Amino acid sequence: MLQIPRWQKAVVLVILLLGLAYSVPNVLPKFDTDGLPGWVPHKTINLGLDLRGGSYLLMEVDLKKAFADKFKDLEGTLRVRLRERKILYQGLGFDSGSTFFELVNPDQEDQARALLRETAFGHDVDVEDGTKFMLTLSDQERRLQSSNIVNQSIEVIRLRLDEFGTKEPSIQRQGDERILVQLPGVGDTGEVKSLIGKTAVMAFRFVRDGANPNAPAPPGTSVLEGEPDELGQTFRYVVENLKIVKGERLTDAQSTFQDGQPVVSFVFDTRGAKEFGDATRDGVGRLFAIVLDDKVISAPRIREPILGGTGIISGNFTIQSARELAILLRAGSLPAPISYLEERTVGASLGADSVEAGKIASAIGFVAVIIFMALAYGRFGLYANCALVANLVIIVAVLSGLQATLTLPGIAGIVLTIGMAVDANVLIFERIREEVNINKRGPVTAIDAGYRQAMVTILDANLTTLIASILLFQFGTGPIKGFAVTLSIGIITSMFTAIMLTRLLIVVWLRRRRPQTLPI
């Protein structure tokens, strides 16, 4: 245990230098860190909502509406496919839980079943009297799609906040249908809520020629309102339910100008460009509605096929509204509407009080541990105190490098780590003291035996605590995760400083001074 290879000494030195480099930016003024070269560590610890102040939003995803939209899309697809296969049907429709239709000719049941196997993957098909078909999602498929909808909503919200410029948001799933968003440093959530809350489901659909928008909608169509014009008049359109091209095929969208007016340019992926080109080729002369959240924002007439995979969305846009629409389209559409269940704002003064209280608690704990170790173990206690300082520096460095968010429970984890960081040294030093006083061993053999015999106990104790903290992080939420992060990092770094750094300091002293007795 007292033979330390050169590579181990080099590892200790490199880790200490890296820890110092990554932790220093936290104590420098911001203008100093901004001026550092790109290769120099300049990241600082992110303060959480409870320390920095900000906003708290609890949202719920409307899964019922999401599934209703999916059955509506399936209804539009089946209407086209049944006609293509010349399968006679009636009563084709949908509700929030199923899509249904009835065959006119019972002899076409096998054809209908074959079509549904190709079109309605993941659906249970119930047939009554050989003619009445009802399609519902299987339980397994519904659970899978529910999870995918919520996860997709989280990613879309994250992309929208990043595009909008909101920094360091915390976005977490809660339960089956809820999403928790915390925005440190954001006091006014009005604009953020407006951006998050827009579903932004865009699709391109044909306008039904000759249909009366003031009469009941014909089968397979919907009556949608358009954007008000400059005089405030609103037009209504009869649009086909079948989506020729979906907004998910967009790869880019930018706000720009055309003829001096704000517009939004868009680009499709390869498949979307083909679908868009085919649709505009077949629909020359027809009105092509651009529908966003069930509202027609533009309905230009197709003069010629658009084959390049790009286009322009024009309307009564302002510069701000064009920019927001471009952000929404780039980030993608929410798969379902969301509603706000809870909204809170944490003032910066409360965060400052929390930070100050955390500093005081950390300082008191740090000083108390240093005094105790120095009084209890003399020179060895001073070495343990050096390791404790290094441990705190490395913790700050790791939090900065990982860009972890420090919360008030996280500070509690650091305070707990201060006390736990010297546990290993206490076990080792007590074992060394026992070897000297009871077994009457010399300095070298006592130190060697102390480290060897205490090592198993140290590893077991820290490993069990680390497992508990990992479980807290895995299954906990919010404050519990913050506590688990700092505790886990503190356990790992304290094992390094207690076993590697303290041992190195003691061995260097032992070889230089060659004492006859130990100051412990």
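Me: What lines the largest cavity?

Reply: Met420, Ala421, Asp423, Ala424, Asn462, Ser494, Met495 and Ala498 line the largest cavity. A lining residue has an atom within 4 Å of a cavity point. The model is predicted: local features need pLDDT of at least 70, side-chain atom pairs count only at pLDDT 80 or more, and totals for chains, interfaces and linings use all residues. Residues are numbered from 1 along each chain as its sequence is written, and side-chain values use heavy atoms, with hydrogens and water left out.

Me: What makes a space a cavity?

Reply: The whole structure has one cavity of 30 Å³ or more. The largest cavity holds about 30 Å³ of space. That volume is the space filled by probe spheres set on the points.

Me: Which helices supply at least two residues each of the lining of the largest cavity?

Reply: α11 (408-421), α12 and α14 do. A helix here is a DSSP run of H or I with at least four residues, numbered from the N terminus. The largest share of the lining, three residues, comes from α14.

Me: How do the lining residues of the largest cavity divide by class?

Reply: Five are nonpolar, two polar and one charged. Asp, Glu, Lys and Arg count as charged; Ala, Val, Leu, Ile, Met, Phe, Trp, Tyr, Cys and Pro as nonpolar; the others, Gly among them, as polar.

Me: Why is α11 called roughly parallel to α14?

Reply: α11 and α14 pack at an angle of about 25°, with their axes 7 Å apart. Angles under 35 degrees count as roughly parallel. That makes α11 roughly parallel to α14. The axes are lines fitted to C-alpha atoms over the stretch in contact, and angles run from 0 to 180 degrees between N-to-C directions.

Me: Which residue classes make up the contact of α11 with α14?

Reply: The contact has eleven nonpolar, seven polar and no charged residues.

Me: Which residues make the contact of α12 with α14?

Reply: Ala424, Asn425 and Phe429 of α12 meet Ala498, Thr502 and Ile506 of α14. Contact means heavy atoms within 4.5 Å.

Technical notes
1 Å grid on protein atoms, 1.4 Å probe; cavity = no way out; pocket = protein on both sides within 12 Å on 5 of 7 lines; lining within 4 Å. Parallel < 35°, antiparallel > 145°, perpendicular 65-115°, else oblique.
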